[in-house]
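Visitor: Could you walk me through this structure and tell me what stands behind each label you use?
Guide: Gladly, let us look together.

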Amino acid sequence: MSTKNKCPFGKRVLKLLKGIAGIFIKIWKHPRGRVGLIILLVLAFCAVFAPLITRYDPYDVTARCEKGLRPSWEHPLGTTISTGQDIFSMLIYGARVSLAVGCITGLCIACLGCLMGILAGYVGGWVDTLIMRIVDVMLVIPTLPLTIVLTNLFGKSYFMIVFIFTLFGWVGLARVVRSQVLVIKNSNYIKAAELAGAGTWRIMTRHILPGVSHLVIMSTCLTSAGIMVAEAGLSFLGLGDPTAISWGKMLAEVQSGGAMLFGYWWWIAAPGIGIFLAVFSLMRIGMALEEIFNPRMKRVSSGYKLFKSLNSSYIQEVFDSMNDEDRPETDPGREGGQA
Amino acid sequence: MSDKALVRVEHLNVFFPVRGGLPFEKKKQVEAVCDMTFEIRQGETFGLIGESGCGKTTLANAILGMRPPTSGKVFFKGQDLYALKGKDFKALRRDMQMIFQDPLSSLNPRFDVLDIISEPMQIRGGFSEEEMEARTVELLEMVGLSKEDLHRHPSDFSGGQRQRIGIARAISLHPAFLVCDEPVSALDVSVHAQILNLLMRLQKELGMTYLFISHNLAVVKSICSHMIVMYLGKAMEWGPTDKIYKNPVHPYTRALLDAVLDIDVDNKKEKKLIQGELPSPIDPPKGCRFCTRCEYATEKCRTEAPPTVKVEPGHYCACHFAEGCVSEA
């Protein structure tokens, strides 16, 4: 490109921001999406401004309170039996770790899956074969046992958890993106751009990426929710970062601290509700996006979708349904039993 | 019109390998384009006629450098297109553009008209934002759209208008050669004439050469100076359009001309329509490719490839019985 061609970078960024704002407005206008968006914004606000919301810093080892206090104005959710930390502050600070791990992993998966899917679909040939064979192999590896082994090998840190979940999470998205790219690739506007001399990079970023962006945005929401649950599970098993406070880790302490024994139900409920709200809001947003992008999905009951969402095959299902309009609706209860 | 050849195609073959089949079995292939030789002169409109699936679009793709041929050569402006690499190839190919059959799928639904039409300029570079916008407005007016359409999206337009946008994009960099791949067959009949008139006007104004692919004989008759009739990847009859229409020699050309609907009710001349389907190009008939559907086919047609027969000066035909027609004519 010659230097005379001023790249309107600022203009393009503005356009992108406008597009993102447009998506948020659409979610806001969607009745169920709005609920999810509000909950998520509240949680994000708590995570970002945690020190302003609570007086106690659960990470501060020198500032411990009396152990095993019941809820009071001083301690809205009491204190832990084992260490005397304020449970409400743990809940608020825990949002930081849980949301960050979920969203960062979701974004990493979106980037990697999108890149691999586009490369496989657009470049084709041996690149396609290589990537799709890797995907096939990755799909049959059981993730959880491997994650346990790898965290034991390379140390328990959130970086490791993000890394491992990304490593195994991109395959599903790559498959979906690839199939969409194959559709776009054959359209004539790609041919026209090639005729005009456009390079592979330009076609991938200007024509194909916008065409699959809705898939990627949606999958980011849904996988983020799934990763949050998975992170809680790992932390509960004692495989999370031992120095951090997350909702999963709180649940582990609930069990080891004997909350059940003393009847401290609020200690048990707090992290559970935190996880529930985070996952619920992301699911809501994901489903709203799905209905925005594919209005045909409205027929399927949301209970069915929720149960299916817990399966990783969910996104694949959504796009199968795009091709197959007359799919009979499945009984949500039965699906739930399987999930 | 000068006699200089802008595009010359020499013994062009495009075969696609067929996947599957047993191992060690002889690999099958689709003979999409088989031994095509012709030239398109500067400034003319060259017609390419044939049924669906006979290889018209594949041939166009091969000429445009989108589909490397199995063998044979394509010369554009005297240069061997497939001998060039990288930048030179792209620079030469930029002088060739294409208009597509389906105007909707040829426009990116996420782009507005400005983005669509200025894309070739963006890719070539060397234009500022303002220049591109000014040029786009100029192009829009050339194809009969207005400045107000600049920021609308393809879904806001009718089929004819979309095709106009496609034409504006194709001519934005002043190409010398334009391939029109059935540009009107997806449009309403009432719009056909408008688009064809637009194409003819632009050709006159910009001095472009057209390769006009169509299955509509009436259109080809009215705008093309030379034509070639294709069947199953092979040329059946070629030459100046008026000579072919006046004196069709190949049975396939005759059948095609007979198949044109006539409004003339009084003209009760007997029409011979071809029977059956196009045979599979994976295993084309030996000898003459039309022999399975030709009413005059003999044993010779089924075993021996027909020779090229010169019917009149410039008018050729690939048929065993064309010799007889020469004496008739």
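Guide: A residue is called buried if 20 or more other C-beta atoms lie within 10 Å of its own, exposed if 12 or fewer, and partly exposed in between, with C-beta atoms placed from the backbone. This is a predicted model, where local features need pLDDT of at least 70, side-chain atom pairs count only at pLDDT 80 or more, and totals for chains, interfaces and linings use all residues. Residues are numbered from 1 along each chain as its sequence is written, while chains are lettered from A and ligands numbered from 1 in the order in which they are written.

Visitor: What makes both faces of β9(B) count as covered?
Guide: H226(B), I228(B) and M230(B) on one side are buried, and so are M227(B), V229(B) and Y231(B) on the other. Six of the six residues of this strand, 226-231, pass the cut-off, and β9(B) is therefore mostly covered. In a regular strand the side chains alternate between the two faces of the sheet.

Visitor: Why are β3(B) and β9(B) called a pair?
Guide: Two strands (E runs in DSSP of at least two residues, numbered from the N terminus) pair if DSSP finds at least two bridges between them. β3(B), residues 45-49, and β9(B) have four bridges in the parallel sense, so they pair. Here L48(B) stands opposite I228(B).

Visitor: How do you know that β9(B) and β10(B) pair?
Guide: Six bridges link β9(B) and β10(B), residues 234-240, in the antiparallel sense, so they meet the definition of a pair. M230(B) stands opposite A235(B). In their hairpin, with two residues between the strands, L232(B) takes a positive phi near 55°.

Visitor: What makes β2(B) and β5(B) edge strands?
Guide: The open sheet of four strands in chain B runs β2-β1-β4-β5, with antiparallel pairing. β2(B) (29-41) and β5(B) (79-80) each have a single partner strand, so one side of each lacks a neighbour in the sheet. Nine bridges join β2(B) to β1(B), with R41(B) as the bridge partner of A5(B).

Visitor: How many residues of chain A are in contact with chain B?
Guide: Contact is a matter of C-beta atoms, placed from the backbone, lying within 7 Å; 20 residues of chain A are in contact with 24 of chain B. α8(A) gives the most to this side of chain A, with seven residues.

Methods. Two residues are in contact if their C-beta atoms, placed from the backbone, lie within 7 Å.
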